Amino acid sequence: METPTRGGAASPSCDTTASLLSKLQARNRAEVVAFKDVFEAHASAQTNARALQERASALQRQCAELTQGKETSEANLKIANDAAARGEAAQEQAARVAQLQTELAESYKRHADSSEQVIVARDRQAKADEDLVVAKEALVLAERERDDAIRRGDALASELESARALAEATEAEAAARARDKEDALAKAEAVERENQQLLERVMQMKLSEAEKMNAINDLYEDLQRQKQSVELAAAAADLSAASSTRMRSLTTAPGQGGSRARSGGYFPARKRLVIRANVGGTHRVAFTAGGDVLATAGDDKVVSLWDAGSGVATGPGRLAGHAGALLDVDFSGGENGGGGGGGDLTVLGAGADKSIRLWDAVTGKCRHALRGHAEKVCAARFSPFENTRAASCSHDKTIKVWDLNKGFCVASIMCASNCNAVTYGDGAGVVVTGHFDGAAR
């Protein structure tokens with residue numbers, strides 16, 4: 001019988017148990033029906049055997065009576081023989097004896113038929129006994145299977161009860177959670193309404209403050225315009241002298257390239273060269289220590305080397321190998337914090353392909369491909385204190401220090417935010433980084 005669960009739907013466990021019990025009952029009926037004919041045949045054979053035994057007993061009694069009659073007839077025959085000489089009475093007696101002998105022969109014949117029927121009945125009984133033994137064994141096996149099925153049914157019923165209890169507990173828990181959810185949603189709506197009201201109040205305050213700030217800015221701009229008018233009148237007298245002095249300084253020593261511009265003598269007021277350095281955007285530039293070679297890194301995945309005086313490609317020209325855009329470049333011994341001291345001139349490039357490459361600036365050969373960052377490398381710098389060390393930073397929130405002789409990472413520092421820039425401080429053990437969260441560490 002299926003017991004409906006809450007909500008009007010039958011439990012899947014109840015359906016399974018009812019189906020299993022129905023199958024077991026059908027199987028039990030099929031096994032009992034299979035042996036029903038055998039039991040009926042055995043009962044019929046036993047009934048026939050009892051009837052034959054009773055008939056045989058009756059025939060034996062008749063046989064005994066006939067034997068007794070025979071003896072009586074023989075005695076009578078003897079008397080008749082003795083009295084044969086006495087006439088017609090003796091002849092009648094002899095006829096009677098002959099008739100009795102005929103009846104005795106027929107009785108023997110009937111007895112023989114009865115004996116054969118008894119033998120056949122005994123054979124049938126023996127066969128029925130054998131069938132009964134087989135049927136009893138099958139019945140015992142069927143009873144065992146029935147007992148096993150009953151035990152399994154009891155176990156399933158117990159599991160069903162446990163499942164029902166668990167389902168009820170789960171339903172109660174779900175109902176409690178639904179109530180908690182409704183309470184939380186109500187609280188969230190109330191908080192959202194309060195936040196909306198607070199936001200409106202804040203916006204009103206901000207608007208009021210903005211209006212006040214606009215008035216203050218207007219007043220400040222008026223004061224600035226008045227101040228500028230006074231300063232412009234004072235600076236007009238010095239403008240012509242300053243302009244002539246600056247033009248003379250721009251035309252002094254034109255063959256020295258960009259080295260004087262970086263010496264602090266003057267700040268250029270116009271461009272000297274336009275170099276189409278990279279296909280796409282150019283992300284970083286770097287000079288050698290002498291200022292005669294310029295390196296550019298850009299979206300075309302290469303570092304390009306240029307003569308700083310003429311703007312013509314120099315050396316190997318293009319340093320390739322990266323699979324993504326170049327985001328930073330640095331020379332060993334360069335002004336951007338490159339390693340100081342002797343050794344071959346090398347170039348360090350940091351790319352969006354999560355790697356850093358070290359090239360020989362003269363031959364263009366890649367000495368090392370430094371891998372270890374999990375995101376794009378935003379910056380890389382040579383150590384100003386040791387040529388064989390460099391630092392890099394990445395959007396994977398790590399700073400790494402590299403051994404440039406072996407091409408291995410010798411130190412890694414985790415940060416709280418993405419790193420965008422890196423440089424060395426006042427010692428080999430000090431590294432300064434700029435981060436996405438606005439902090440310098």
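In the hairpin of E7 and E8, five residues lie between the strands, and Gly364 takes a positive phi near 80°. Strands (E, at least two residues), like helices (H or I, at least four), are DSSP runs numbered from the N terminus. The structure is a predicted model, in which local features need pLDDT of at least 70 and side-chain atom pairs count only at pLDDT 80 or more, while totals for chains, interfaces and linings use all residues. Residues are numbered from 1 along each chain as its sequence is written, and side-chain values use heavy atoms, with hydrogens and water left out.

Strand E7 (residues 355-360) and strand E8 (residues 366-371) run antiparallel and are joined by five bridges. Two strands are taken to pair if DSSP finds at least two bridges between them. Within this pair, Leu358 stands opposite His368 in E8.

A second hairpin is formed by E9 and E10, with six residues between them. The two strands pair in the antiparallel sense over five bridges, and Phe382 stands opposite Ala390 in E10. Burial was assigned from relative accessible area, with buried meaning under 20%, exposed over 50% and partly exposed in between (1.4 Å probe, protein chains only). Six of the six residues of strand E9 (residues 377-382) are buried, so this strand is largely enclosed by the rest of the structure.

An open sheet is formed by four strands in the order E1-E2-E3-E4, with antiparallel pairing. Strand E1 (282-287) and strand E4 (313-319) are the edge strands, each pairing on one side only. On average, neighbouring strands of this sheet are turned by 15° against each other, direction ignored. For such angles, axes are lines fitted to C-alpha atoms (for helices over the stretch in contact), and values run from 0 to 180 degrees between N-to-C directions. E3 and E4 pair in the antiparallel sense over three bridges; the bridge partner of Ser304 in E4 is Arg318.

Lys301 has a positive phi of about 70° although it is not a glycine. This residue lies in the loop between strand E2 (293-298) and strand E3 (303-307), and Lys301 counts as partly exposed because its relative accessibility is 38%. Lys397, also not a glycine, has a positive phi of about 65°. Lys397 lies in the loop between strand E10 (389-394) and strand E11 (398-403). With a relative accessibility of 35%, Lys397 counts as partly exposed.

Nonpolar cores were defined as sets of buried Ala, Val, Leu, Ile, Met, Phe, Trp, Tyr and Cys residues joined through side-chain atoms within 4.5 Å. The largest such core has 13 residues, and those with the most contacts inside it are Ala295, Val303, Leu305, Leu319, Val329, Phe331 and Val347. At least two residues of this core are supplied by each of E2, E3 and strand E5 (326-331). Another core, of 11 residues, lies apart from it and includes Leu348, Leu358, Val377 and Trp402.

Side chains of opposite charge can pair when their charged atoms come close. A salt bridge was counted where a side-chain nitrogen of Lys or Arg lies within 4 Å of a carboxyl oxygen of Asp or Glu. By this rule the model has 10 salt bridges. One of them joins Asp328 to Arg381, with the closest N and O atoms 2.6 Å apart. Asp328 lies in strand E5 and Arg381 in strand E9, so the pair ties together parts that are 53 residues apart in sequence. Both Asp328 and Arg381 are buried. A network of salt bridges links Arg284, Asp328 and Arg381.

The side chains of Arg146 and Asp147 meet at 3.6 Å, N to O. Arg441 counts as partly exposed at 38% relative accessibility, as does Asp437 at 42%.
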